[in-house]
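Subject: Structure for your study

Dear colleague,

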Amino acid sequence: MISELTRGERRLALAVLTAVATFGLALAIAGRGDILAVHGGLIMASAVILMFFVIAGFYAPEPGEERLAQYYDTPTKAGVVLAMIWGVIGMGVGDWVAWLLVYPDMTFDAAWASFGRLRPVHTSGVIFGFGGNALIATSFHVLQRTSRARLPDQFSPWFVLVGYNLFCLIAASGYLLGITQSKEYAEPEWYADLWLVVVWVVYFSIYLRTLMRRQEPHIYVANWYYMAFILVVAILHIVNNLAVPISFGSAKSYSAFSGVQDAMTQWWYGHNAVAFFLTAGFLGMMYYYLPKRAGRPVFSYRMSILGFWGITFMYMWAGSHHLHYTALPQWVQTLGMTFSIMLIVPSWMAAANALLTLNGAWHKVRDDATLRFMMLAAVFYGLSTFEGSFMSIRAVNSLSHYTDWTVGHVHAGALGWVALITFGSIYAVVPWVWKRPAMYSNKLVEVHFWLSLAGTLVYVFAMWNSGIIQGLMWRTYNEGGTLAYSFIDSLVAMRPYYIARAIGGLLFVIGAVVGLYNVWMTIREASAERADAPDAPVVPALARSLQAGE
Amino acid sequence: MFGIHQKLERNAIGFVVAIIVVSSIGGFMEIAPLFTIDETVEEAPDMRVYTPLELAGRNIYIREGCYACHSQMIRTLRDEVERYGPYSLAVESKYDHPMLWGSKRTGPDLARIGGKYSDAWHVAHLINPRDVVPESIMPAYRWLAETPLKVNDLSDHLAAQRVVGVPYTDEMIANATADAYGQAMPDGPFAAGVTARYGEATNVRAFDGKPERVSEMDALVAYLQVLGRLTDAAHQQTASTEGAKP
């Protein structure tokens with residue numbers, strides 16, 4: 001990794017790591033007596049460990065000019081592995097908290113092990129850890145291929161990847177320690193949020209600098225989506241996280257917004273985290289890896305355009321459907337509902353464009369589990385966007401809101417769409433960047449596929465049942481005109497579904513573990529082959545460094 | 001139209017600007033007016049701010065992720081009003097930075113939990129929910145009763161709250177720590193200051209049953225007991241709509 005950086009980049013890396021370590025030290029000192037000190041120490045320790053790596057490799061031979069004739073895929077490789085590891089952790093914690101709802105005393109009397117603290121580890125672990133790393137890894141890969149240009153340098157992709165994972169680490173460890181803003185899917189505190197802004201600016205600059213040097217006249221549709229993901233997530237993140245820390249020596253901050261304005265801002269963020277983190281970027285993946293794997297051109301250029309701009313424009317209005325019948329003014333609720341219903345058009349355009357692309361390649365879908373992952377993802381994308389539009393209708397929402405139906409809907413999207421398109425893309429990209437003819441085992445891809453599908457179906461059906469039963473029990477009246485069920489009655493009725501959900505989740509987690517193993521074995525095969533191949537001294541590099549020294 | 005797009009997708013900067021413009025419209029149209037239209041938040045002259053102890057309790061509620069399973073937003077639906085009480089008004093969370101309306105009811109709504117159960121019930125329930133509600137699946141929070149509350153930085157908390165718009169006075173900020181002690185130690189020297197600054201209706205009690213010290217349990221129960229009780233506006237609103245019926 002270090003040997004791929006130029007000497008100047010190694011110096012830059014040391015300078016940046018020194019700055020980060022100093023920042024961590026400053027936080028630790030300012031936050032002594034507060035829990036912030038733990039995170040200050042964590043940041044400093046991470047930077048110092050990385051400094052050792054850079055120093056150890058500092059005098060390794062520099063990469064030659066021939067690197068510029070190749071795509072730079074090492075950050076993609078690292079990102080794929082990180083995504084799979086975060087996936088297993090995030091999904092595993094998710095299944096753990098699912099069992100907590102069945103056996104609530106599995107907390108060992110420890111604060112960190114209670115549902116409220118573990119749940120954001122699950123949500124952030126899968127959304128940011130698994131999804132985010134997969135997006136960063138695939139975006140670097142797709143960007144270079146569709147632009148026919150190498151990444152602008154070797155240092156900034158590593159800065160983005162490592163910096164982003166530091167953010168994820170601060171987030172997850174913070175929840176366990178009790179550090180949270182309580183804003184759903186934006187729980188990390190002010191210092192983590194500021195750090196993510198820095199990482200994001202560099203990420204965007206990589207995108208722009210590569211596009212500027214592209215050898216293709218047109219920017220490919222996958223890149224539109226990746227760019228929308230980067231840009232809009234930046235807007236959402238900055239606005240929703242505006243807050244005032246109680247001091248620079250404390251992890252705690254107070255949101256700039258309160259009450260109804262805060263609710264609207266939060267769900268404008270929350271729903272568009274779904275749209276631009278969990279949809280746009282993954283549509284970028286779909287628009288590249290699905291046609292590639294199928295060996296078919298994208299079905300319709302015009303549908304790509306209409307779908308993209310429809311999603312970019314309309315999603316930003318839809319957040320208020322999370323607040324039907326609340327203290328939010330009704331005109332905003334109605335606007336949110338209207339745009340949510342209209343969203344079905346661009347969403348289905350994207351889903352249909354993917355499925356119609358497969359025309360002429362359906363025999364491959366039958367034979368190739370990787371392509372089948374992506375096909376099924378497009379199907380679930382269509383299903384869950386339909387369900388989303390349906391649930392945003394005020395009358396439907398009066399039943400579904402606050403119930404497990406919402407949880408089921410989210411997981412139809414998160415498992416069925418986001419995770420499946422990611423696994424499909426990872427199975428496509430891993431042999432590609434490690435220069436292998438195929439994955440270590442196609443059988444295991446097949447096993448993973450069926451585990452994922454079974455897990456998703458069990459999960460979603462359990463939550464549909466529990467959610468609708470819950471909603472109906474809460475609003476059922478006796479003949480005498482009083483409420484028929486106490487809240488605890490509805491809770492008792494949930495138990496079989498919570499067990500079923502936890503089992504469905506377990507199947508999905510096992511699938512992810514199988515996937516991680518398969519990726520790992522593919523990498524081992526690749527490195528074993530490399531180790532076999534050259535039985536000769538590395539003369540060219542030696543000769544070049546001698547020349548440089550003359 | 002598609003011809004224009006062919007030009008646009010050849011220009012990276014143009015495409016970036018187009019994404020920013022197109023995506024910004026929705027949020028701007030929906031969020032900005034909420035700050036400018038007066039009717040968005042009702043008038044409630046009797047609305048009071050959280051005491052330092054209640055604010056600390058609210059922060060424990062946030063820290064433990066209670067909002068993941070409990071909403072604090074009663075919708076304008078008959079069954080919700082009959083189950084939980086008058087529907088929530090915007091003004092009731094006017095000082096909530098951030099709001100805790102929630103999105104899921106694995107447990108019941110808590111917007112009007114204040115005063116419904118005794119302090120002793122809350123303490124027993126938090127120590128082990130299944131002691132008082134056998135079917136409950138809520139986690140036990142035994143350590144709250146044994147953990148002393150961190151009170152030395154409460155002035156900083158109130159000062160930061162004032163920066164974001166909560167009307168704490170200089171006196172409230174200066175006495176934040178003393179007021180936290182005072183509210184949980186009804187017989188101590190600081191109790192009188194709490195009612196003087198936050199009103200006679202403020203609960204001044206040994207919430208966890210142990211008046212000699214201030215625990216995290218004190219703070220959390222103090223917060224739970226004030227939920228829905230910062231203003232009477234919601235009850236008045238319900239009474240006036242009922243009176244208007246023919």
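The crossing of H6(A) and H7(A) is left-handed in this predicted model. Helix H6 spans residues 190-212 of chain A, and its axis lies 10 Å from that of H7(A), at an angle of about 155°. Angles over 145 degrees count as roughly antiparallel, and H6(A) and H7(A) are therefore roughly antiparallel to each other. On the H6(A) side, the contact includes A:Leu196, A:Trp200, A:Phe204 and A:Tyr207. Among the residues they face in H7(A) are A:Met227, A:Ile230, A:Leu231 and A:Ala234. Sorted by class, this contact holds 15 nonpolar, 2 polar and 1 charged residues.

Helix H7 of chain A, residues 221-240, also packs against a helix of the other chain, namely H2 of chain B, residues 12-36. Here the angle is about 55°, and the axes are 10 Å apart. H7(A) and H2(B) are therefore oblique to each other, and their crossing is right-handed. From H7(A), the residues A:Trp224, A:Met227, A:Ala228, A:Leu231, A:Val232 and A:Ile235 take part. Their counterparts in H2(B) are B:Phe15, B:Val16, B:Ile19, B:Ile20, B:Ser23 and B:Ser24. The contact of H7(A) with H2(B) comprises 10 nonpolar and 2 polar residues, with no charged ones.

How is chain B divided? Domain 1 covers residues 2-40, and domain 2 covers residues 52-243. The centres of these two domains of chain B, taken over C-alpha atoms, are separated by 40 Å. An unreviewed UniProt entry annotates residues 52-228 of chain B as "domain: Cytochrome c". That span is 45% helix and 0% strand, and its end C-alpha atoms lie 17 Å apart.

A further helix pair lies in chain B: H5 (residues 119-127) and H12 (residues 216-226) pack at an angle of about 120°, with their axes 10 Å apart. H5(B) and H12(B) are therefore oblique to each other, and the crossing is right-handed. H5(B) contributes B:Asp119, B:His122, B:Val123, B:Leu126 and B:Ile127, while H12(B) contributes B:Met217, B:Leu220, B:Val221, B:Leu224 and B:Gln225. The classes in this contact are 7 nonpolar, 2 polar and 1 charged.

Yours sincerely,

A colleague

Technical notes. Residues numbered from 1 in each chain as written. Chains lettered and ligands numbered in written order. Predicted model: local features only at pLDDT ≥ 70, side-chain atom pairs only at ≥ 80, totals over all residues. Heavy atoms only, no water. Domains from an automatic or database assignment. Axes fitted to C-alpha atoms, helices over the stretch in contact; angles between N-to-C directions. Helix = DSSP H or I, 4+ residues; strand = E, 2+ residues; numbered from the N terminus. Parallel < 35°, antiparallel > 145°, perpendicular 65-115°, else oblique. Left-handed = near helix turned anticlockwise from the far one by under 90°. Contact = heavy atoms within 4.5 Å. Nonpolar A, V, L, I, M, F, W, Y, C, P; charged D, E, K, R; others polar. UniProt positions renumbered as here; feature names shortened; annotations may be inferred.
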